[in-house]
Structures are given as structure tokens and as C-alpha cells.
Amino acid sequence: MQTDYKKNCLDIIRLIAAMQVLFGHLVWHFELGENFHFFKIIETVSTFLPGKGVVIFFAISGFFAMSSLGKTNATGGYWKKKFLRIYPELWLAFVINTILIFSLYSVAPSGKDLLLYIVTQVTIFQFYTGDWLRGFGVGTPNGALWTITVTIQFYVIVYFLYKISLRWRFKYWLILLACSIAMAVLCANLSFLSEIVRKLIGVSLIPYFYIFLVGVITFKFKDLILPLIRKYLFLIGLLYIVIKFLAIYVFPNIKLGINYDVFSSLLLSLFVLGIGFSFGQRRLKYEISYSIFLWHMIICNIFVEMSKKYSLPLSNYGIIFMVMTFLLVLPFGVLSCKFGKCVIKRFEL
């Protein structure tokens, strides 16, 4: 029996993952975990949601990338579709963010610094922050966007992988997954390299490719894998909690990946994909997870900058800033999503 992969609730899961990212960043940057006991508890619990949703995004991106390639390969529309999905909203956020930075921040960049800022933020190097911007907000113009760098690398690699893997059997995919896991562990244990090299590795696809591959493999063999995941969903979830607990509290000095340990990330990816196909088709009118990702740190930076500029201690105003960020990011997300859809419709005509 074939699996209808369109009947899923992954839109809702992506939204939850985006809210995890948003919540985790606000707790950290508004120092809520330091000043409020409730948020300390939440912060502890959130350690079991690695990356506050990033792993979830990567796994789902892997799944739908293969779906997209299958639909657009014959027409050559893959690159256009990915470009229109990412860059119109990204550039809108960049323009608004730049206006806000120059309105609130007193340090002016040199011509070279300004050019570097523009080029890196509108291309694929969003992880770069010039020294002139280190005093603004939390120290980066939009720190969450390093994941865009990684995701775009994946979209490029998976295009060529799709071409050469059409006749691959399941075992070849497992070999590739095993190699990717080994590379992720290796990347986490390169302390002999310089700091700049290790940072560049940390924003490359290499340490995270295995997460995307879970989604890719699940799509390629969905009729085999999805029923198995759904059947053993509770067991996968339980194993994830146990392994994550061991990684955090029992073997914290063993480095099994950059940012995320490989075993719990594999299990979480499978668990999320299983959940996504367990409740039928549940679509959202506005799929704003990407928009939330783009805008939340822009708004967070504004409040952090205001706290410094007007001497508003985060111990007193952190919760207010958090509520205001939530109230602002949702309408910004909807408007941004609408803008992205308008651009897509315009260029798909």
C-alpha cells in the first residue's frame, strides 16, 4: 500500500519548532532563566529539544527536498522554487533590519564594512558579523540565520545527489548515512584546528548532513519507513529521551556532534516525521515558521538595544520584552508570508 505523503501535519510541527526557537532565544537573551525560577525549569526541560527546533527543520527540509526534486526535475523549476521560497522574505527582513540598525545604533561602519554587511546578509553568509556590529543588540544582526547557510548548501548537494542516486538501493543510503554520522562526530573533535576553521565547519553542511538524510531516506522509502516509524513511535520517543538524558547528564564530555549529539538527533528526526504522518492532513493557511525564524531575532535585538540605551534592566523588563516580541513577531510573520506568496505568484505566472 502506497503512502500519501501529502496527508501530513508537518506545517503545524514546523510552526511548533519555530516557536521553540523563538522561545529559547528570548529566554536566553532576555536573561529570563537567570532572573525567574519558572524559566529556569523551562530552560532545563528545553534541553531535550535540541536546537529549539533546528533539528526538526533540517529533517523536514530533507523530506520535502526530495519531493520537490521529483516534481520539478523534469521542468527545471527546482532552483527557481527554492530561490523564491528563501530570498524574497530574507531580503525584506534584511532591508527592515538595516533601517532599524541605522536608526538605533550609533556606530557607523566604514565603506568596506558596509559592503561586507550587505553582501553577506543577502547571499549565503548570514553567519558573518563585522566587528562594528558586535555592540548592537545581542552582538549579531540576525544570529538565527546561520541555518539558512546550511540549508542552502543542502539544497545544492541534494540536487546532484538526486541525479546520481535514482537507482540506489536502501543499503547504499544507509552507508551514506553512516558516513555522514561519522563525519559529524569527527567535526566535533577537531580541537587541534584553529578557532576560525572550527567555526566555518560549524556553519557548513558537513556536521548536519545526516539530519537532512533522515528526511531524504524517509521520503525515498516512505512506503517502508513511515509505517514502521508510526508503529514504534512511542518506543522511538522513549529512546530519544533516554539517550538525550545520557548525553547531557551522564556522558557530557563525549562529543558526538556539533550543537546536537547524533543519536538523539536521529531519533528526534524519526519521531517528528512519524508524528507528522499520524494525524492526517492538517494544513495552515499561513505557514509562517520561516517568517518567524527570520523576524524574531530582529525584534529581540531591538528590545536588547533599548534595554542598553535607556538603562532598562532585563531583570525588570525581560518578561515585558518577551510578551512584546511575541505580539510583534506573529503579525510580522503573517505579513512577511503574504509578501513571499505574492512574489512567488508574480514570478510563477
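This is a predicted model: local features need pLDDT of at least 70, side-chain atom pairs count only at pLDDT 80 or more; totals for chains, interfaces and linings use all residues.
I will start with charges. Side chains of opposite charge can pair when their charged atoms come close. In this model the count comes to eight salt bridges. I will go through three of them.

Are they buried or exposed? Arg14 counts as buried because its relative accessibility is 18%, and Asp11 is buried too, with a relative accessible area of 5%. The cut-off for buried is under 20%.

Next, Arg85 and Glu287. Their closest N and O atoms are 3.4 Å apart, and they form a salt bridge. Arg85 is in helix α5, residues 78-104, while Glu287 is in the loop between α13 and α14, so this pair ties together parts that are 202 residues apart in sequence. Arg85 has 33% relative accessibility, so it counts as partly exposed. Glu287, with a relative accessible area of 15%, is buried.

Then there is Lys308 with Glu305, a salt bridge with the closest N and O atoms 3.7 Å apart. The two are three residues apart in helix α14, which means about one helical turn separates them. Lys308 is partly exposed at 44% relative accessibility, whereas Glu305 is buried at 9%. Some salt bridges share partners: Asp11, Arg14, Arg85, Glu89, Arg283 and Glu287 are joined that way into one network.

Now the helices. Two packed helices are described by the angle between their axes and the distance between the axes. Take α12, residues 233-250, and α13, residues 262-276: they pack at an angle of about 150 degrees, with axes 9 Å apart. Angles over 145 degrees count as roughly antiparallel, and α12 and α13 are therefore roughly antiparallel to each other. The crossing of α12 past α13 is left-handed.

How do α7 and α10 cross? The axes of α7, residues 146-164, and α10, residues 209-220, come within 11 Å and cross at roughly 50 degrees. These two helices are therefore oblique to each other. Here the crossing is right-handed.

Last, the surface. A nonpolar patch there is formed by Phe234, Leu238, Val242, Phe245, Leu246, Tyr249, Val250, Phe251 and Ile254, with about 870 Å² of accessible area together. One of these, Leu246, lies in α12. Leu246 counts as partly exposed because its relative accessibility is 32%.

Technical notes:
Residues are numbered from 1 along each chain as its sequence is written. Side-chain values use heavy atoms; hydrogens and water are left out. Patches are made of residues with over 30% relative accessible area and no salt bridge: like charges are joined within 9 Å, nonpolar side chains (Val, Leu, Ile, Met, Phe, Trp, Tyr) within 5 Å. Accessible areas come from the Shrake-Rupley method with a 1.4 Å probe; for residues, only the protein chains shown count as cover. A salt bridge is a side-chain nitrogen of Lys or Arg within 4 Å of a carboxyl oxygen of Asp or Glu. Helices (H or I, at least four residues) and strands (E, at least two) are DSSP runs, numbered from the N terminus. Buried means under 20% relative accessible area, exposed over 50%, partly exposed in between (1.4 Å probe, protein chains only). Axes are lines fitted to C-alpha atoms, for helices over the stretch in contact, and angles run from 0 to 180 degrees between N-to-C directions. Angles under 35 degrees count as roughly parallel, over 145 as roughly antiparallel, 65 to 115 as roughly perpendicular and the rest as oblique. A crossing is left-handed if the near helix is turned anticlockwise from the far one by less than a right angle, and right-handed if clockwise.
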